[in-house]
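Here is a friendly walk through a structure with two chains to explore. Have the viewer open as you read, and turn the model as each part comes up.

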Amino acid sequence: MPIYDQSYAHWDGTLEGRLLRWKPITLNAIRLAFRSKLFLIVFCLSLAPFVIRVGMIYAYSFIPQLQQESHFARLVAVDGTFYCNFLVRNQFISIVLMCLFVGCGQIARDLKVRALEIYFSKPLTLLDYVAGKFGAIGFFLLCMSLFPGLLLFLSDFLLSEEGSFADKVQFLPGILATSALVVTTLSLVVLAASALCRTTRNAALVWIGFHLALMISGQILAEIFRMPFLVLLDIRESLQFLAQTVFDVERDFQIPGIYPFLYILLINLAAGWVLLRRVKKVEATET
Amino acid sequence: MPGAHPEEVMIHAGTQSGLIQLENVKVSYGAFEALKGVTVAMEGGAVGLLGPNGAGKSTLIKAILGLMPLTSGRGTLLGRDISRAGLEIRKRVGYSPEHDCHIPGMNGFEYVSYCGRMVGMPVKDARRRAHEVLEYVGLGEARYRPLDGYSTGMRQRAKIAQALVHDPDLLILDEPTNGFDPKGREEVLDLIHDVSHNKDIHLILSSHLLRDVEKTCDHVILLKDGALVRSGLISDLKSSDEKVFTIEVRGPKEEFTAAAHKAGWRYESKNGRTAGRLVVPAEVDTTAIFKLARKVGLQLRMLVPAEESLEELFLKSLED
């Protein structure tokens, strides 16, 4: 009897339900990302702004001399403006790094090695696949926005004696809403860029180019038409403006918040459309 | 059926059994019709899918996996409607594509267990099965090596392993022997034969290598330009209404050729060679051949019944 005859037995287990079919894709992508030492370093460095902030809050709470410094007090004042700046502006570089290191290769690498043939030969739908990939990049972006935001909230809640419980809790919905906006928008855009290319490098170039093009065209149009709010064409500026609206703090431009919201919604829909259409096309022609 | 999902759609009760049943299946890419009304039924076992490039083999596989919408017609695979129960079909099918398709950054074990997880296997089971099937396909010792470092043959084995991990009812292999050395090729063909004949798993083997199909399959579906040319048991297709003999002669070949033609036989020999092929109607026995040879003064030095190979059948079918 050949050796292989001894090692094959039928499997009589039960397959899990369909609802979480995206989960292995997400978990696998996260695991593979953390396997890279370079990425680990980048990931830890990306958390630096958050660690510094926590350190400052801690120092301010426990070192009485620092509490006399009005400049330092302004720096560590945890209010709506602080969360706005932290979640969008301060963390944006970290988010960009995550998009470049994790997001750009998510679908591009699969296209390069024709791995979609493997994915779609399994009982997975297009949405399962996209949700799995979205889950992976979404996790890393949440690590850079929501989780630090919540930890800062917790640090402030536990360490700072200023402000009442109600004053502090009112920021929680804002943190959740702003993080959701940032993560959804940037994840969809980077996945759309990834789906358009067959290498991580090209996807990164497309993604950076798209953001730069919007930023530069916004600034040029704002100059030409003497309408400063046109810089909101830049996705980061729009997200910042929406965060200001959500936290109800002083806004950079005096325009209704609905316009940047519709703009971001349009970006999300367009990115989602490109993503699904592109993966579907490849699925139909290559699998 | 216990645990059945709502999307598990059966076509009408009369056609629930059997491996594959297609009725006038048409599939188009835009204006191009890739499958032109294929009608075929196979009860099970090992089926070879044969045809030249562009014949529609890959499209047929996509269609039966529920990945391509049918332009018209209908069909079932393992009793499930291919138009409506793609997900349910893919739960019960293991597919090994033609291309490399390995996911970068993984080793063999991770790749196979990941594929098991994607089908819906629990983590523990997926890991245990990954070890088992990797051992089975001959990658037991290489299971922890990165896939990127595998040879082409090893990658083919890894693809077969990922297709087997969830113990499918049907294994679909697309050109599974590409990239193998002769020894590895024989081993994999033995393994494929073992899966389909001893492990109670149906097989559809798409290949342009007739020998692979002949060695591993009992049935064949022959496609050309998107249309079905022939289908059925290989042995039935080979047994036709003609007998073929390999003969070696000495003497007046021209007279024998003319007499054979007059009797409705066919004698073919290459220029100047003594050996050739004689094709006679099935009812003609060897005595008649000896009589004719004696009549024209021909010496028959060899007369051996020749079995028509699948390759000859294939070429003849394509010519027809």
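Two strands count as paired if DSSP finds at least two bridges between them. With that in mind, strand E11 (residues 242–250) of chain B and strand E14 of chain B pair in the antiparallel sense, over 6 bridges. In this pair, B:Phe245 stands opposite B:Pro305 of E14(B). Please keep in mind throughout that this is a predicted model.

**The two chains**

Chain A has 15 helices and 0 strands, while chain B has 11 helices and 14 strands. The C-alpha trace of chain A spans about 85 × 50 × 35 Å along its principal axes.

| Chain | Residues | Buried | Share of contacts (residues at least 6 apart in sequence) that join residues at least 24 apart |
|---|---|---|---|
| Chain A | 287 residues | 40% | 77% |
| Chain B | 320 residues | 45% | 66% |

**The antiparallel sheet of chain B**

The E11–E14 pair belongs to an open sheet of 4 strands in chain B, with the order E12-E13-E11-E14 and antiparallel pairing. Which strands stand at the edges? They are E12 (266–269) and E14 (299–305) of chain B; each has a single partner strand, so one side of each is left without a neighbour in the sheet. On average, neighbouring strands here are turned by 25° against each other, direction ignored.

Two helices pack on this sheet. Helix H9 (residues 253–262) of chain B touches E11, E12 and strand E13 (275–281) of chain B, and its direction makes about 145° with that of E12(B). Helix H10 (residues 286–295) of chain B touches E13 and E14 of chain B, with its direction at about 160° to that of E14(B).

**The mixed sheet of chain B**

Chain B also holds an open sheet of 6 strands, in the order E6-E7-E8-E3-E9-E10, and here the pairing is mixed. Strand E6 (93–96) and strand E10 (227–233) of chain B are at the edges; each has a single partner strand, so one side of each is left without a neighbour in the sheet. Neighbouring strands of this sheet are turned by 15° against each other on average, again with direction ignored. Helix H6 (residues 182–198) of chain B packs on the sheet, where it touches E3, strand E7 (170–174) and E8 of chain B; the direction of H6(B) makes about 145° with that of E8(B).

How many of its residues are buried? The count is 5 of 5, and E3(B) is mostly covered. Both of its faces are covered: B:Ala46, B:Gly48 and B:Leu50 are buried on one side, and B:Val47 and B:Leu49 are buried on the other.

With strand E8 (residues 202–207) of chain B, E3(B) pairs in the parallel sense over 5 bridges, and B:Ala46 stands opposite B:Leu203 in E8(B). With strand E9 (residues 219–224) of chain B, E3(B) also pairs in the parallel sense, over 4 bridges. Here B:Leu49 stands opposite B:Ile221, and B:Leu50 stands opposite B:Leu222.

**A helix pair in chain A**

Now turn to chain A, where helix H6 (residues 80–103) and helix H9 (residues 126–144) have axes that come within 9 Å and cross at roughly 160°. Angles over 145 degrees count as roughly antiparallel, and H6(A) and H9(A) are therefore roughly antiparallel to each other. Their crossing is right-handed.

Which residues make the contact? From H6(A) come A:Gln91, A:Ser94, A:Ile95, A:Met98, A:Val102 and A:Gly103, and from H9(A) come A:Ala136, A:Ile137, A:Phe140, A:Leu141 and A:Met144. Sorted by class, the contact of H6(A) with H9(A) has 8 nonpolar, 3 polar and no charged residues.

**Where the chains meet**

Finally, 32 residues of chain A are in contact with 39 residues of chain B. On the side of chain A that touches chain B, the elements giving two or more residues are helix H1 (23–35) and helix H8 (116–120) of chain A. By class, the residues of this side divide into 16 nonpolar, 7 polar and 9 charged.

Terms used:
Residues are numbered from 1 along each chain as its sequence is written. Chains are lettered from A and ligands numbered from 1 in the order in which they are written. This is a predicted model: local features need pLDDT of at least 70, side-chain atom pairs count only at pLDDT 80 or more; totals for chains, interfaces and linings use all residues. A residue is buried if 20 or more other C-beta atoms lie within 10 Å of its own, exposed if 12 or fewer, and partly exposed in between; C-beta atoms are placed from the backbone. Two residues are in contact if their C-beta atoms, placed from the backbone, lie within 7 Å. Axes are lines fitted to C-alpha atoms, for helices over the stretch in contact, and angles run from 0 to 180 degrees between N-to-C directions. Angles under 35 degrees count as roughly parallel, over 145 as roughly antiparallel, 65 to 115 as roughly perpendicular and the rest as oblique. A crossing is left-handed if the near helix is turned anticlockwise from the far one by less than a right angle, and right-handed if clockwise. Ala, Val, Leu, Ile, Met, Phe, Trp, Tyr, Cys and Pro count as nonpolar, Asp, Glu, Lys and Arg as charged, and the others, Gly among them, as polar.
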